[in-house]
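Let's go through this structure together and check what each label rests on.

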Amino acid sequence: MYIGAVCTISVGIADIISGSYVCAKDNTFEWYNGGFVALGISDILIGVLGFISKFSVCRVTTYIVFIFLTFSLQFGFCIGILT
């Protein structure tokens, strides 16, 4: 559980950095850049939930559902940007 939470937090930090970098480089705030920053923040919060959820079945289930939803949103953003 700890490795997954650390990976989730790392991905969240990378999303925040990449979204902020593109916003600063383009000097604009587009929906997809803001979306990546928001997903990065949510990834970090989900990673924190992963650290505190190892003793509760309900929390682990919530953690797994949030991980799946976040992956789906990131995949959707990537497909939306590429098309």
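Q: How many helices and strands does the protein have?

A: This is a predicted model, where local features need pLDDT of at least 70, side-chain atom pairs count only at pLDDT 80 or more, and totals for chains, interfaces and linings use all residues. Residues are numbered from 1 along each chain as its sequence is written, and side-chain values use heavy atoms, with hydrogens and water left out. The protein has three helices and zero strands, where helices (H or I, at least four residues) and strands (E, at least two) are DSSP runs numbered from the N terminus. Along the sequence that reads α-α-α.

Q: What covers the buried residues of helix 3?

A: The cover includes helix 1 (2-26) and helix 2 (31-52). Those buried residues are Val60, Tyr63, Thr70, Gln74 and Phe77.

Q: How do you know whether the span of helix 3 agrees with what its 26 residues should give?

A: The expected span is 1.5 Å times one less than the number of residues. For helix 3 that should be 38 Å, and its end C-alpha atoms are 38 Å apart, so the two agree.

Technical notes. Buried means under 20% relative accessible area, exposed over 50%, partly exposed in between (1.4 Å probe, protein chains only). Contact means heavy atoms within 4.5 Å.
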